[in-house]
Amino acid sequence: MLKVSAHAESWPLAEAFVIARGAKTEAWVVIVTLEQDGFTGRGECVPYARYGETVESVFEAIRTWSPSLNRHALLGAMPAGAARNAIDCALWDLEAKRSGRTACELAGTSTLNSVETCYTLSLATPAAMAAKALSVPNLTLLKLKLGGEGDCERMRAVRQSRPDARLVADANEAWTRDMLEPYLAAAAASGFELIEQPLPAGRDGALKEVTHPVPICADESVHTTQDLAALSGRYDAVNIKLDKAGGLTEALMMIREAKVIDLKIMCGCMVATSLAMAPALLVAQSADWVDLDGPLLLARDRPNGLTIRDGLITPPVPALWG
């Protein structure tokens with residue numbers, strides 16, 4: 001018989017994490033634990049207010065899940081989101097533990113390779129962001145959180161402070177139509193590789209009307225595989241996050257479909273511990289950009305956490321996940 005339990009945890013951040021929608025100093029996560037025949041599987045998710053989620057709503061969704069459902073049946077039984085992600089990843093972990101095979105083997109991949117992750121610079125003044133970029137000279141793939149007014153100066157300042165770095169940016173829906181062309185031009189002039197979600201989801205039709213001197217990546221505008229077709233003509237890439245997709249099972253389907261329609265892939269995350277990042281490493285194997293720096297933003301990580309050295313993430317040990 002499958003035993004299901006869930007609990008919430010709060011993890012302090014190393015410093016305040018600021019994006020266009022606000023700031024936070026702790027990360028709340030929900031852990032699902034599945035126990036069967038002496039084996040244990042775990043999955044971690046982040047309830048995200050942007051999508052109407054709370055810790056309480058995630059608990060309620062988990063309580064409605066029937067433990068008789070496998071990963072594939074789960075896709076049709078629960079909506080995409082944090083709760084389904086935690087259950088799905090716990091099912092993957094449990095199956096790996098019971099079978100004696102790794103999760104990547106279950107997914108049809110023989111091994112996981114190390115990947116380089118972005119390191120995120122919180123939204124701040126241009127000078128503060130440039131100083132932060134300069135303070136991590138060992139990290140060469142940086143992701144800027146932008147906020148609208150002043151973003152051209154932010155991008156320019158970070159580029160001037162780190163001419164050696166690869167740069168991407170996330171506007172978190174903060175740009176307006178009038179900002180679009182001059183800000184994209186500024187991003188191109190500063191050598192940015194990618195701009196995420198410049199316009200609000202549902203109001204991003206203007207992306208069809210402008211040239212893209214820098215590839216534009218959909219984040220809030222896409223959650224699951226069925227959303228991908230609508231990105232045509234607006235976006236050049238898609239940010240696949242397990243909490244949006246509702247788990248690793250759906251995320252792997254998204255990778256296949258994104259490649260069919262010629263979208264580049266970013267593998268992203270919410271701010272969380274290594275337990276949430278570990279399954280995402282299977283997605284990261286196919287990504288053009290990887291943004292799994294959640295543990296680097298925490299004051300501490302959980303035991304057996306991922307090893308992240310100079311931005312390079314080593315695959316997880318089985319004691320963590322998979």
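In the predicted model, Glu116 lies opposite Leu312, a residue of β14. Strand β14 spans residues 312-313 and pairs with β4 in the antiparallel sense. Two bridges join β4 and β14. Strands of a sheet pair through backbone hydrogen bonds, in either a parallel or an antiparallel sense.

The pairing of β4 with β14 belongs to an open sheet of three strands. The strand order is β4-β14-β13, and the pairing is antiparallel. Strands β4 (115-116) and β13 (308-309) form the edges. Each of these edge strands pairs on one side only.

Across the whole structure, the search returned one cavity of 30 Å³ or more. The volume of the largest cavity is about 80 Å³.

The lining of the largest cavity includes Glu44 and Asn85. Lys241, Leu242 and Asp243 also contribute to this lining, as do Gly268, Cys269 and Met270. Ala272, Ala276, Met277 and Ala280 are likewise lining residues.

Two helices, α8 (242-245) and α10 (274-284), each provide at least two residues of the lining. Helix α10 accounts for the largest share, with three residues. By class, the lining of the largest cavity comprises seven nonpolar, two polar and three charged residues. Among the residues that line this cavity are Glu44, Lys241 and Asp243.

Key:
Residues are numbered from 1 along each chain as its sequence is written. This is a predicted model: local features need pLDDT of at least 70, side-chain atom pairs count only at pLDDT 80 or more; totals for chains, interfaces and linings use all residues. Side-chain values use heavy atoms; hydrogens and water are left out. On a 1 Å grid over the protein atoms alone, a cavity is a set of points where a 1.4 Å probe fits but cannot get out, and a pocket is an open set with protein on both sides within 12 Å along at least five of seven lines; lining residues have an atom within 4 Å of a point. Grid points are joined across faces, edges and corners, and a volume is the space filled by probe spheres set on the points. Helices (H or I, at least four residues) and strands (E, at least two) are DSSP runs, numbered from the N terminus. Ala, Val, Leu, Ile, Met, Phe, Trp, Tyr, Cys and Pro count as nonpolar, Asp, Glu, Lys and Arg as charged, and the others, Gly among them, as polar. Two strands pair if DSSP finds at least two bridges between them.
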